Amino acid sequence: MNITLDQNVSRIRGLWTAEGYSPLRVSDPEKVRRLFGLPALKQKFNPGESYTLPLSFARERLPLLSVGTRREVGRLISGSRRLWRDTFKNIVVNEGLNRLLGSTLAGETVVTAWYIGLTSSSPTVVAGDTLDIHAGWTEIANYDETNRVLWVDGGVAAQSVTNPSASRFTISATVTIGGAFLASVNPVTGSPATEGFLYAAGAFTAGNKTLNDNDTLDVTATFTAAAA
Amino acid sequence: MKEKVRGRDSFAAIESKGRSLLTFDERHILALRKAVDETTLAVSRCQRLIDEQTVLLEGWKYQAADARQNLERAMKETTGRTQ
């Protein structure tokens, strides 16, 4: 007689959210620069031209201003809107799984900081991808940030860990992005990646997204584990 | 450091959308400042791990010394009984 064993299968997953935002419009460039504490420029602002400010800058700097100054700035900037939002799942690659097992069960060095990077169009992620070798995608680095952006976790609770504040990219040129990944080191393409690890990567569910200079991209990644 | 694709113009054009209020250098400095903040955070996390591991290490050292003493005592007792 055949006996079928009910085998529970543990699951390790990642659910990502990416949101693209257009820049803010600035109605009085000189005054806004002054209110933000930026130095006056020799170059004159052309009244006939529109000026923009990355949403990432405003989100970072506005809370540092006094309430009155913030209100004044608020009257002079407007117009940023969410361009798109995408949620997608990742593949936790073998390198990431080995790392997970190694640091948890085999006394290997713990990675204390993880970073989010961006992939090229239509990435094909496979289990064998590593940070060094990934034939199905390349890394996109058209953003102001010097390195991949830190993924700051909020601690593990109920077999889940996420970054409560999105990892934020300020886009520096027109670029098409296809997905994102989590890596253990932050230097972008062109720097040695051999010492780092790739944990997971995934492609946007709704396809590639194009962003322009001064757009802001917010990425949130939530990783979960379940016994069954 | 990664290469910048943008030119070094004061105001980088954003196609027909408008011009950036921030200069290239200002954006670069902002990015560097963010990198400093992130690295500082990574350092503090690493330091916390070192501190935790140091406490663990001291605990293991104490346990190892204790276990060695127990072994030596047991060996002496055994030797005494067999002689």
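User: What distance separates the centres of domain 1 and domain 2 of chain A?

Analyst: Taken over C-alpha atoms, the two centres are 31 Å apart. Keep in mind that this is a predicted model.

User: What makes up each of those domains?

Analyst: Domain 1 of chain A covers 11-20 + 85-226, and domain 2 covers 24-82. Six residues of domain 1 are in contact with five residues of domain 2. On the domain 1 side there are no nonpolar residues, but three polar and three charged ones.

User: What does chain A contain overall?

Analyst: Chain A has four helices and 16 strands, and its C-alpha trace spans about 85 × 35 × 35 Å along the principal axes. Of its 228 residues, 41% count as buried. Among contacts with a separation of 6 or more, 81% join residues 24 or more positions apart.

User: How do you know which strands pair with strand 13 of chain A?

Analyst: The test is at least two bridges between two strands. Strand 7 (residues 114-119) of chain A is joined to strand 13 by five bridges and runs antiparallel to it, with Tyr115(A) and Ala183(A) as bridge partners. Strand 14 (residues 198-203) of chain A pairs with strand 13 over five bridges, in the antiparallel sense; here Leu182(A) has Ala200(A) as its bridge partner. Both pairings pass the cut-off.

User: What makes the largest nonpolar core a core, and which residues touch the most other members?

Analyst: To belong, a residue has to be buried, be of a listed nonpolar kind, and link up through C-beta atoms within 7 Å. This core has 40 residues, and Tyr115(A), Ile116(A), Leu182(A), Ala183(A), Leu198(A), Tyr199(A) and Val219(A) touch the most other members. Elements giving two or more residues include strand 7, strand 13 and strand 16 (216-226) of chain A. Strand 14 of chain A gives the most, with five residues. Leaving aside residues up to four places away in sequence, Tyr199(A) touches Val92(A), Gly96(A), Arg99(A), Trp114(A), Leu182(A) and Ala183(A). Apart from this core lies another, of 15 residues, among them Val26(A), Phe57(A), Val73(A) and Leu30(B).

User: How do you know which parts of chain A touch chain B?

Analyst: Contact here takes C-beta atoms within 7 Å. By that rule, 31 residues of chain A are in contact with 29 residues of chain B. Strand 2 (24-26), helix 1 (29-35) and strand 3 (51-53) of chain A each supply at least two residues to that side. By class, the chain A side has 14 nonpolar, eleven polar and six charged residues.

User: Which strands from the two chains are joined, and how many bridges are there?

Analyst: Strand 3 of chain A and strand 1 (residues 19-20) of chain B run parallel and are joined by two bridges. Two is just what the pairing rule asks for, so they count as a pair. Within it, Tyr51(A) has Arg19(B) as its bridge partner.

User: What about chain B as a whole?

Analyst: Chain B comes to one helix and one strand. Of its 83 residues, 14% are buried.

Terms used: Residues numbered from 1 in each chain as written. Chains lettered and ligands numbered in written order. Predicted model: local features only at pLDDT ≥ 70, side-chain atom pairs only at ≥ 80, totals over all residues. Contact = placed C-beta atoms within 7 Å. Nonpolar A, V, L, I, M, F, W, Y, C, P; charged D, E, K, R; others polar. Buried ≥ 20, exposed ≤ 12 C-beta atoms within 10 Å, placed from the backbone. Domains from an automatic or database assignment.
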